[in-house]
Amino acid sequence: MVFLVALHALSPSNTQADWRVFYDAGAHALAGQALYRPEDLPWVYKYAPVTAYLFAPFALLPQGVARWAWVLLTAAMLVRSYLLWASQLPRPLPTWAHGLVLAVGLPFFKHLFRYGNCDSLLLWLALESEALRTKRPLASGAMLALACVFKPPLALLVLVALRAREWQRVAATGAAALALLALPALQLGPARAWGELQAWRAMLADSTGPMLCANQNQSVFGMACWVSSPAEGVRYTLLAAGLGAVLVASLAWLLVALARADPAAERRALTAVALYCTAVLSPLGWRNNLVSLMPLTYLLVEAALRLRSRATWAAALVAPAVATLTGVLAYEVLGRARFQLFLELRVLGVCAAVTAVTAMVLQVRVARGVSPDAAHTRQDVAMDARGRF
């Protein structure tokens with residue numbers, strides 16, 4: 001299913017504007033040229049200088065071939081991400097449940113492929129790092145560092161590692177991030193490399209503000225545009241901060257409740273929440289960034305399966321169903337103008353937030369239900385705690 005959607009994105013009607021930016025950035029990196037050019041706005045490269053070198057091998061290929069290679073590679077990384085997270089669940093899910101999770105994520109990864117963005121790369125790096133955290137903490141830290149260099153909000157996962165006292169992984173992440181940021185100095189020299197870092201920061205500062213109310217922005221900063229605009233300054237900032245605070249407080253309260261009811265489930269849920277927050281709390285949380293909702297969607301489906309209630313299923317699937325129908329059918333059925341209205345209302349962002357909160361509510365309900373598995377897990381945790389004492 002993922003690869004079929006990816007192949008559909010290769011049709012001539014999909015311009016893949018983001019991919020063209022990546023391709024050009026790789027060529028500029030190979031030639032030692034400036035990456036951040038005001039004349040390229042709004043389609044300017046927005047990631048740290050070192051990340052452009054990852055696209056350099058594609059720049060050696062004809063653009064058409066590189067486009068095919070990138071889309072199929074990002075599809076493979078997305079599939080790998082689904083498999084990685086599914087393997088972290090406490091029990092295998094039936095095949096139809098995986099199909100349901102894919103269908104719910106379709107509005108987000110369909111848009112990702114359409115523009116050729118790199119969100120599946122970041123999701124894969126984050127989840128691969130999570131999978132390696134106990135067996136290979138140094139490799140895990142290096143992968144997380146690369147993800148954070150691409151998208152600094154992914155540093156939320158470093159906080160998760162700190163809470164779990166994964167000191168080797170945290171140290172490896174910090175050391176690798178510093179090394180990556182300094183790597184362009186080998187080609188450009190220290191002065192020019194520092195200049196590129198400064199140009200990157202300046203470009204982000206100049207380009208972020210005018211795009212906050214773009215209808216593709218489904219984060220809390222986009223939602224604040226319902227009643228205010230960035231031009232209103234403090235009012236807009238307080239509104240966006242308030243929306244973010246309410247969402248974070250709700251998720252944090254549910255995480256605390258889950259930790260009390262089932263400590264073994266806390267880490268998995270904390271990682272899923274942190275990944276989702278990297279999208280919804282980012283100033284420019286585009287709808288393709290919401291592929292990071294996938295871990296929470298899995299937790300939603302897994303909990304609904306264990307609760308075995310039709311009412312629970314109905315409540316759990318309302319928001320995902322609205323998002324899926326909006327993202328997949330609204331444009332084709334209602335047309336471009338009416339679809340833009342859905343985006344202006346931030347329907348996808350609101351549905352994602354409701355899905356995230358619902359997933360955590362169901363996880364808490366499962367943990368408090370004292371199922372045999374949960375009871376056994378809590379007994380093991382309690383015994384380990386007594387042994388350490």
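**Note on cavities, salt bridges and surface**

1. The largest cavity is lined by Asp 119, Leu 122, Leu 123, Lys 151, Leu 154, Leu 275, Thr 278, Asn 289, Val 291 and Ser 292. Two helices give two or more residues each to this lining, namely α6 (119-131) and α14 (263-280), and α6 gives the most, with three residues. Helices here are DSSP runs of H or I with at least four residues, strands are E runs of at least two, and both are numbered from the N terminus.

2. A word on what you're looking at: this is a predicted model, where local features need pLDDT of at least 70 and side-chain atom pairs count only at pLDDT 80 or more, while totals for chains, interfaces and linings use all residues. Residues are numbered from 1 along each chain as its sequence is written, and side-chain values use heavy atoms, with hydrogens and water left out.

3. Back to that cavity: its volume is about 80 Å³, and the count of cavities of 30 Å³ or more comes to four. The search ran on a 1 Å grid over the protein atoms alone: a cavity is a set of points where a 1.4 Å probe fits but cannot get out, a pocket is an open set with protein on both sides within 12 Å along at least five of seven lines, and lining residues have an atom within 4 Å of a point. Points are joined across faces, edges and corners, and a volume is the space filled by probe spheres set on them. The lining of the largest cavity splits into five nonpolar, three polar and two charged residues (nonpolar: Ala, Val, Leu, Ile, Met, Phe, Trp, Tyr, Cys and Pro; charged: Asp, Glu, Lys and Arg; polar: the others, Gly among them).

4. Then there's the largest pocket, at about 900 Å³. It has 33 lining residues, and those closest to its centre are Lys 46, Tyr 47, Leu 284, Trp 286 and Asn 289. Asn 289 also turns up in the lining of the largest cavity. At least two pocket-lining residues come from each of α2 (17-31), α5, α6 and α11 (190-208), with α11 holding the largest share at five residues. By class, the pocket lining has 20 nonpolar, eight polar and five charged residues.

5. On to charges. I'd look at the salt bridges next; there are 12 of them, taking a side-chain nitrogen of Lys or Arg within 4 Å of a carboxyl oxygen of Asp or Glu. Arg 91 and Glu 302 make one, at 3.2 Å from N to O. It ties together distant parts of the chain, 211 residues apart: Arg 91 is in the loop between α4 (63-88) and α5 (95-115), and Glu 302 is in helix α15 (residues 294-307). Arg 91 counts as partly exposed because its relative accessible area is 22%, whereas Glu 302 counts as buried because its value is 2% (buried is under 20%, exposed over 50%, partly exposed in between, with a 1.4 Å probe and protein chains only).

6. Another pair is Glu 130 with Arg 267, at 2.9 Å from N to O. This one joins helix α6 to helix α14, across 137 residues. Glu 130 is buried at 9%, and Arg 267 is buried too, at 15%.

7. Glu 166 and Arg 169 also meet in a salt bridge, at 3.0 Å from N to O, and both residues are buried.

8. Two backbone angles to check. Arg 165 has a positive phi of about 60° though it is not a glycine; it is in the loop between α8 (156-163) and α9 (167-182) and is exposed at 64%. Arg 308, likewise no glycine, has a positive phi near 55°; this residue is in the loop between α15 and α16 (310-334) and is exposed at 76%.

9. Leu 106 is in helix α5 and is buried, at 14% relative accessibility.

10. Last, Trp 226 is found in the loop between α12 (220-223) and α13 (234-261), and at 42% relative accessibility it counts as partly exposed.
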